[in-house]
Amino acid sequence: MKVLEVTNVDFSLRHFLLPLMRGLRAAGHEVVGVCADGPLLADVRGEGFRVEMVPMARSFSPVAQARALGALIGLIRRERPDIVHAHMPISGLLARLAARLCGVPCIAYTCHGFLFNQPGPVARRGLALVLEWLAGRITHRYFTVSRQEAEDARRLHIHPAAEAVGNGRDPARFRPDPEARARIRADLGVPEDAVVIIAVSRLVRHKGYPELLEAMEQVPGAMLWVVGERLASDHGAALDAAFARARQVLGDRLLCVGYRGDVPALLAAADIFTLPSHFEGLPMSVIEAMLSGLPVVATDIRGPREQVVNGRTGLLVPPGEAAPLGRSLNRLVRDAALRRQMGAAGRQRALARYDERVVIAGAVEALLAGTATGADTAPAAERASDGVARDA
């Protein structure tokens, strides 16, 4: 079968969809990636995948979205796929609509976090819920990465059979690695006995950077490594002022290394991982940190609260508050034995729940279920009366 994997930007295709594309290809299917153009597509094409560019825009601009919808319709008509598998809120809505208009036999969607669960104006969240509900009517296979959002989808009647498929990473890549730890610290000029807190994410407000930078003022015994950059398509105010102030206050305790291809080595070189986000799906970075044997300090929100066992594999703090974040980071900075204990427990939990090979095999099976015979391919609107609700 031919499967179109559709998302918004190259970052999403490279970091979130590529493992699934590999799994589908290994199962014998033709897989085509679809997203806006970007430099990270070179990695995907380097593995032999074809990627088609569509002018996706991460905005509510009617003109931009109409252009993207038209391009998707043209692409789907040319490709004639058996399955269109859409990802991310706006690109997911457009891809499902285009697939419906083109009569694609199976329309699938994976939610990586609901917009209506994000902080923001009530009107915007309400619109996001309505659009998600409408799109659910034309979706045959509906997936989420977190269990709680699968429950939300069923509870809010977005889709009667929403299923959590999870996320995963490769334990062979993300692991404790003393050699990488020594090499990275030597390259960065960081002593072996320095306690390093690491954050890996895009540099956007909702990842909690203003609170993290403020919290670090309460953690004098540690360094903070920030790994990532702001994407050209990211919304909201830039964080330049917050980082400029932090550099003045924290001095050489703050190290911003930008986008890196050696994240496994950087995680192996750190001591504590933190992700103080305001909202998430099921963050890959937390999985990577857990597999790397790091204790995780994250916010008590959908996604991280499924991953982190508070007090056993890490610590959960309220979102948007610097003081509790600082106290939790301080607790781990001061207690090396607790760091080791939580890190080891986190790795075992991640091996049991987030092994990429197992997760991808399950996701491929769920996506392809029934498609060979054409079974179970009625949209949600036609199946809502059957009361199906599979537990993740």
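Two strands are taken to pair where DSSP finds at least two bridges between them. On this basis, the predicted model contains an open sheet of seven strands. Their order is β3-β2-β1-β4-β5-β6-β7, and the pairing is parallel. Strands β3 (50–53) and β7 (163–164) form the edges, each pairing on one side only. Four bridges join β3 to β2 (residues 30–35), in the parallel sense. Within β3, valine 51 stands opposite glycine 33.

Helix α15 (residues 356–368) lies across part of this sheet. The strands concerned are β1 (2–6), β4 (83–87), β5 (106–111), β6 (141–144) and β7. The helix runs at about 155° to β6.

Helix α5 (residues 122–136) comprises 15 residues. Its first and last C-alpha atoms span 21 Å, close to the 21 Å expected at 1.5 Å a residue. Its buried residues are Ala128, Glu132, Ala135 and Gly136. They lie on the same side of α5, because they cover an arc of only 100° around the axis. The face turned away from this buried side carries the exposed residues Val122 and Ala123.

Four aromatic pairs were found in the whole structure. One of them joins phenylalanine 11 and phenylalanine 16 edge-to-face, at 6.1 Å centre to centre and 90° between the planes. Phenylalanine 11 is buried, at 17% relative accessibility. Phenylalanine 16 is partly exposed, at 28%. The rings of tyrosine 209 and phenylalanine 243 form a tilted pair, because their planes meet at 45°; their centres are 5.7 Å apart. This pair links distant parts of the chain, 34 residues apart. Tyrosine 209 belongs to helix α8 (residues 209–215) and phenylalanine 243 to helix α9 (residues 240–250). Tyrosine 209 is buried at 2% relative accessibility, and phenylalanine 243 is buried at 5%.

Notes:
Residues are numbered from 1 along each chain as its sequence is written. This is a predicted model: local features need pLDDT of at least 70, side-chain atom pairs count only at pLDDT 80 or more; totals for chains, interfaces and linings use all residues. Side-chain values use heavy atoms; hydrogens and water are left out. Helices (H or I, at least four residues) and strands (E, at least two) are DSSP runs, numbered from the N terminus. Contact means heavy atoms within 4.5 Å. Axes are lines fitted to C-alpha atoms, for helices over the stretch in contact, and angles run from 0 to 180 degrees between N-to-C directions. The expected span of a helix is 1.5 Å times one less than its number of residues. Buried means under 20% relative accessible area, exposed over 50%, partly exposed in between (1.4 Å probe, protein chains only). The arc is that of the directions from the helix axis to the C-beta atoms. Rings of Phe, Tyr and Trp (its six-membered ring) pair if their centres lie within 6.5 Å; planes under 30 degrees apart count as stacked, over 60 as edge-to-face and the rest as tilted.
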